[in-house]
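Here is a walk through a two-chain model. Begin with the symmetry, then follow the contact between the chains.

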2 protein chains.
Amino acid sequence: MAQANIKVEPKGGDARAYALELGQRARSSAHKLACASTHIKNLALNSIADMILQHRHYLSEKNAQDLEAGKDRGLASALLDRLELTDSRIDAMAEGLRQIASLPDPIGSITDLNFRPNGIQVGRMRVPLGVVGIVYESRPNVTADAAGLCLKSGNAVILRGGSEAIHSNLAIADCIKQGLEKSQLPESVIQIVNTPDREVVGALLTMPEYIDVIVPRGGKTLIERVSQESLIPVIKHLDGVCHVYIDGEADKQKAIAIAYNAKTQRYGTCNTMETLLVAESIAPSILPELCQMYHDAGVELRGCGQTQDLCKHVIPAREEDWTTEYLAPILSVRVVEGLEAAIDHIEQYGSHHTDAIVTENLTSSQRFLREVDSSSVMVNCSTRFADGFEYGLGAEIGISTDKLHVRGPVGLEGLTTQKYIVMGEGQIRT
Amino acid sequence: MAQANIKVEPKGGDARAYALELGQRARSSAHKLACASTHIKNLALNSIADMILQHRHYLSEKNAQDLEAGKDRGLASALLDRLELTDSRIDAMAEGLRQIASLPDPIGSITDLNFRPNGIQVGRMRVPLGVVGIVYESRPNVTADAAGLCLKSGNAVILRGGSEAIHSNLAIADCIKQGLEKSQLPESVIQIVNTPDREVVGALLTMPEYIDVIVPRGGKTLIERVSQESLIPVIKHLDGVCHVYIDGEADKQKAIAIAYNAKTQRYGTCNTMETLLVAESIAPSILPELCQMYHDAGVELRGCGQTQDLCKHVIPAREEDWTTEYLAPILSVRVVEGLEAAIDHIEQYGSHHTDAIVTENLTSSQRFLREVDSSSVMVNCSTRFADGFEYGLGAEIGISTDKLHVRGPVGLEGLTTQKYIVMGEGQIRT
């Protein structure tokens, strides 16, 4: 496969001109994509999937270049692992695009269309945001994923992946280009930044006239840097300091299963529990057993005084433990008086990401759902369920910890907005 | 009535400390308001309305101080008019609050609650944003209006009105305080900045930890300044360069009535038509009569060559006319080839606020609704309908020309967000 238009060398002083060109091309093709039929968009998605499978050797070859360069630069083995495009990951990219094609098209959907007393009909139509900018790190499969979600939601997209994955990303870009050709959509609806020059990112973040929203995907440092520099609204995902509160009226078996799962099922995810709160009335009958289980699983326990009194293997928690997202086999544990104290703790120390209560009491569950101000609030299940696939969004571009526009897992709908439509029969205002 | 805690003198170097105090008080009371029942919120709204009527003489007295100071400072008569709290405006403030009380409470409403295959139920609950900051100009009735909308939507609010209205605003604040007392809501859920010191605004705009969203209400200069300075998301309302396009298949009588109404019903509003587009096939049978009507109403006409050929009283339009929001009895007129050219013109020159088509052709109306990317898109009615009351929102805090979060007229729902709620029976992730 012939690789076209690839400029791996930094563009230096031309960064702004190049970013401007990307922005203008995206804006000028956004209208065409916004008005494209569902059939055309799905044809493009399936064609890109075909091209990815057809060119799997080419993708592996280019990925090998990135892996080699990464080894030479001494990248950590975890990063090298994330960078690798194995055969099954190539399959998964194609499968992900086909899944996006099979999702309902949110665009053009009309809701709440009602007659007003004067006879005009007022409703809302779902429409794309316009142009989306995505800034992400290492994993090259994000390129296909994010491109697919933007395409289906009718948004032109500019993708800027990590410099360590540039050969892989540009090879995926070639597949995307060929897929778009089959659907007769302009190739500029999906553009991939073809240089590792970081100045291009800086320039893109300051072009609100060409880009409507920025979605950073990656570590906290990346997200904070993008948020600070951007003059464009950012859909961002910051800390996940998630809690499980075991209420005095919890079912013991459910409580132990949920609290164990929420911590140990995976340590490095944002919806992993970082602090366990237990009502003092039930703590003696639950905590010793549960703490032993954590200990056996290799989880370090940092607890309050009461927790230390009740359990073995617990070291004292310091104040900063309550606000720490460990992303590791470490758990802070606190015994609280009851529901009110648990809600207060979550309000004071939490990050408003995902918090769960375990209780059989209806009123307590209702209060927790209503009063805990987090993007996901749960009753009697593991915090690990907080993600777009589990919620039935079909796919996820990220999880928003913002309050405005979209909160929690972001699927296709989060990449759209609604405009008012009004239909009359000649009405004028008097 | 005793006026308490009023500091009309600038606070100088204490501006930041004062803003911080406002922010902290708002944040600390926001949780209580967010969880308040509909009954309590409505009680507060009706009590504030009672207090406003009960203290109408006090309000008039304080307003007279502002009017006198305004005259001394040589305020324009239009501004003095907007500043005045007449008896009927005082009645209208109270009536507005009662209307807000009668609106359905958006908070706590649960939608899309569905079972997932594993048995968890996932849905969304509407919740307040938290703390709203409102920065506005001259008209003191905005104080009651905006306070009412924030209260009903469960948001604590910090209101910063124009310095020219400070005595009026603080008198309204006294009524609000007394009304809140009756409902036992903390008085800090509605705070009014008690100094004209502009540094306080600057400080408030840089406190994202205490304020969740800023809504500027006023002229373009105010909105642009607030947007530039703010580190907090802003719901903003910029230009309204609105179009009416008379299609080749328009009904002549409807077309003339709508185009005349959209321009002349009020000149200074953002939803007033600023550019009329007419299909060339129908222009000769409509434009001469319509232009004569505009001329008789005192509207200055600036037209393209074809318009000038067809009509009297038309001066040549310059390029900048197509992008100008006149807010005055001036109209730019252009004859276009047809629907596609009209959409292109609106895309190129419009401000994406409100645009209408007049046509009897179904397919053309559908294309216009789908393809015109504006916050309100209309068929066969006047652009003047673009407002929250006409759309049935019951009340309006402004019109958003942003795409993210909320677009078009902003009612109670625009001051809320949705969190995910998840209910299980002990489910864990495997």
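Predicted model: local features only at pLDDT ≥ 70, side-chain atom pairs only at ≥ 80, totals over all residues.

Residues are numbered from 1 along each chain as its sequence is written, while chains are lettered from A and ligands numbered from 1 in the order in which they are written.

Take the symmetry first. Chain B is superposed on chain A by a rotation of 180 degrees, with 0.0 Å of shift along the axis and an RMSD of 0.1 Å. In chain B, the C-alpha of B:His405 is nearest the axis, at 1.8 Å.

Now the contact. Two residues touch if their C-beta atoms, placed from the backbone, lie within 7 Å. Chain B contributes 55 residues and chain A 57 residues. Helices (H or I, at least four residues) and strands (E, at least two) are DSSP runs, numbered from the N terminus. Among the elements of chain B that give two or more residues to its side are helix 10 (252–264), helix 14 (362–371) and strand 13 (376–381). Strand 16 of chain B gives the most, with 11 residues. Of the interface residues of chain B, 100% are also interface residues in chain A, so the copies meet through the same surface.

Strands also pair across the two chains. Pairing requires at least two bridges found by DSSP. Strand 16 (residues 416–427) of chain A runs parallel to strand 13 of chain B over five bridges. Along this pair, A:Tyr420 stands opposite B:Ser376, and A:Met423 stands opposite B:Val379.

Strand 13 of chain B has a partner within its own chain too. Strand 12 (residues 354–358) of chain B pairs with strand 13 of chain B in the parallel sense, over four bridges. Here B:Ser376 is the bridge partner of B:Thr354. The chain passes from strand 12 of chain B through helix 14 of chain B to strand 13 of chain B in a right-handed β-α-β crossover; right-handed means that, with the strands pointing away from the viewer, the path from the first strand over the helix to the second runs clockwise.

How many residues of strand 13 of chain B are buried? Six of its six are, where buried means 20 or more other C-beta atoms, placed from the backbone, within 10 Å of the residue's own.

How values were computed
Least-squares fit on C-alpha atoms with pLDDT ≥ 70 in both. Buried ≥ 20, exposed ≤ 12 C-beta atoms within 10 Å, placed from the backbone.
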